[in-house]
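Grab a pencil and work through these exercises one by one. Try each task yourself before you read its solution.

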Amino acid sequence: MTRRGSIAWTLILGFVLTGLAAAALLLFVVAFDFDHVFDSHYRQKGLTGLAYEIGDHVIVPLVVLLVPMITAVPWVIRRALAPLTLAARRINAANHPDRGIRVDLAGLPKEAVVFVTAVNDLLGRLDEAAVRQEAFAADVAHELKTPLAILGMTLDRDDGPLADEIRAELGAMNRLVDQLLLLAQLDADSVSHAPREAVPLADVALEVCSRLAPLALAAGKDLALEILDRPVVAGRREAVAAALRNLVENAQRFVPEGQAVVILVGPGPQLRVRDEGPGLTREQLDVLQRRHERADRASAGGAGLGMAIVSRIMEAHGGALETDPKLRELRLVFKGPMSAHRVPNSRSPASPSPGTM
Amino acid sequence: MRLLIIDDNPRLATLLAERLATRGFACDIAPGLEAAEQALGSASYDLLVLDLGLPDGDGLEWLKTYRARDLHAPVLVLTARGALGDRVAGLDAGADDYMSKPFETDELAARLRALMRRPGSRDSPVLKVGPLEFDVAGRRGRFGGQSLELTRREADLLELLLRRVGAVTSRAMIEERLYSFDETFTPNAVEAVVSRLRRKIEEAGGTGVLHTVRGVGYLLREPL
């Protein structure tokens with residue numbers, strides 16, 4: 001702690017100087033009074049008597065008074081200022097990525113409340129600005145979709161090589177708009193603290209697999225599902241589905257023709273996507289996850305935002321996106337109070353095994 | 001097939017009508033809910049394509065009243081609101097299918113045809129996907145003109161897969177349709193029926209038509 005600019009140090013210095021000045025003044029008054037009032041009585045005792053009197057009745061009481069004061073004052077001051085440190089700690093603790101966070105005013109002294117209230121007002125204004133920005137991003141994405149659809153249909157009239165090229169670019173742009181829309185939606189959710197629902201991971205995997213399998217087959221690739229466990233997590237079903245869809249689409253881009261991408265549910269609260277590709281190392285995944293935080297987000301391209309979005313979704317669910325390069329797997333690992341629960345199989349055949357076919 | 005497009009963007013609506021016309025749909029365009037009401041009052045449609053962002057009202061709310069009025073033409077909802085929960089809201093309001101903009105015309109046409117194949121509304125007596133046909137009343141299947149000798153279960157399965165062509169039909173759904181509630185069946189019974197049906201189609205020359213999606217179910221793809 002620097003002494004310059006410290007309120008505590010200014011107070012201590014002030015008290016000490018005041019104490020010294022008061023002591024000097026007291027000494028002076030006592031000496032002056034002694035001369036004039038008790039003149040005759042003490043003249044007989046001489047100067048030693050005067051010194052004795054001052055020592056006995058002024059210096060000793062002053063020392064007795066000053067010593068505890070000097071030792072106690074810094075302690076008293078630190079104690080009085082301690083709530084400011086507490087307020088600072090609380091403001092520091094409020095740096096969670098979610099919005100809607102305010103510093104708790106309970107137990108703070110009046111003086112600190114002024115500052116903490118100002119900080120809370122600032123947080124509120126930042127939230128509002130973020131909400132406006134998200135609404136704007138969502139609006140822009142929505143507004144872009146109709147012209148993109150028109151463009152796509154106009155291209156349908158033409159079968160030339162140029163049309164094919166433009167179609168591919170259009171596809172990348174569609175994906176990017178979708179991803180931006182999803183990001184804006186996720187941010188809006190974290191502000192509104194949307195209620196969480198029970199999400200059965202096996203059902204989500206089944207839905208995503210059914211939805212993507214026709215496209216995979218059309219591209220000459222396979223998609224399969226293995227249900228090892230039926231965990232239920234707390235969260236937003238559509239968001240979890242979007243995360244899994246992103247991983248599967250990503251895997252399908254890298255898997256060679258004729259090979260399969262496999263979605264595995266469990267064991268425990270996790271969804272795994274395995275492919276025959278080269279696998280991603282921890283460092284490569286880190287780079288992909290941080291993509292949207294970088295300033296050059298526009299150059300990240302359609303596919304580049306995928307992992308960043310997946311990682312945002314997992315963050316919002318208190319989970320994480322993990323990679324296992326050895327097994328060539330990407331994993332959505334959830335943590336949550338609902339993880340331990342199991343849902344009964346909706347309609348099982350005669351055999352008790354709900355597993356794979 | 002007569003189709004009503006309810007969309008306020010004239011450019012999108014005319015392009016859509018034009019593209020779908022080349023795929024055998026006769027389209028009318030309504031630029032708003034009021035115009036849609038008029039069109040529905042004066043003609044009968046096999047299908048509706050509804051855009052949600054309309055100038056004179058909320059498409060989803062209108063869809064609820066449409067369903068409450070006992071109108072049965074299938075509705076495909078078309079919207080820019082593709083992200084997250086909106087899809088569910090659309091299906092809850094009574095949409096039969098849902099596509100978010102932008103979309104591939106071919107996929108839209110395929111989905112519309114799939115809606116027409118659904119039992120109910122105006123059932124066509126013969127389900128046809130490329131060379132594969134199924135006579136619903138006679139319970140007879142044909143591939144490329146060649147008759148497939150199907151058992152009752154195989155015929156039921158073929159009908160189900162044809163009605164859902166292009167989409168994965170889960171094993172649970174097949175079990176539900178093929179076996180009554182009190183019937184007992186072994187876990188690989190469905191697998192056996194599927195492989196017999198596949199063999200019959202392949203013997204008639206249809207390879208790569210009936211696919212297995214491991215762990216999920218089965219998928220009938222239009223032969224190329």
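A polar contact is a pair of N or O atoms within 3.5 Å; within protein, one has to be able to donate a hydrogen and the other to accept it, and residues adjacent in sequence count only if both atoms are side-chain atoms. This is a predicted model, where local features need pLDDT of at least 70, side-chain atom pairs count only at pLDDT 80 or more, and totals for chains, interfaces and linings use all residues. Side-chain values use heavy atoms, without hydrogens and water, residues are numbered from 1 along each chain as its sequence is written, and chains are lettered from A in the order in which they are written.

**Exercise 1. Describe how chain B meets chain A.**

Step 1: Start with contact (heavy atoms within 4.5 Å). Here 41 residues of chain B touch 37 residues of chain A.

Step 2: Look for polar contacts across the interface; the rule finds two residue pairs, both at pLDDT 80 or more.

Step 3: See who supplies chain B's side. H1(B) gives the most, with six residues. Helices here are DSSP runs of H or I with at least four residues, numbered from the N terminus.

**Exercise 2. Find the salt bridge between the chains, then one inside chain B.**

Step 1: Recall the rule: a side-chain nitrogen of Lys or Arg within 4 Å of a carboxyl oxygen of Asp or Glu.

Step 2: Apply it across the interface of chain B and chain A, and you get one salt bridge. B:Arg214 pairs with A:Glu226, with the closest N and O atoms 3.2 Å apart.

Step 3: Now go inside chain B, where B:Lys64 and B:Glu61 form a salt bridge at 3.5 Å, N to O. They're about one helical turn apart, because they sit three residues apart in helix H3 (residues 59-68) of chain B.

Step 4: Over all chains, the count by this rule is 24 salt bridges.

**Exercise 3. Work out how H6(B) and H8(B) pack.**

Step 1: Helix H6 (residues 152-163) and helix H8 (residues 189-203) of chain B pack at about 80°, their axes 10 Å apart. Axes are lines fitted to C-alpha atoms, for helices over the stretch in contact, and angles run from 0 to 180 degrees between N-to-C directions.

Step 2: So H6(B) is roughly perpendicular to H8(B) (65 to 115 degrees).

Terms used
Helices (H or I, at least four residues) and strands (E, at least two) are DSSP runs, numbered from the N terminus. Angles under 35 degrees count as roughly parallel, over 145 as roughly antiparallel, 65 to 115 as roughly perpendicular and the rest as oblique.
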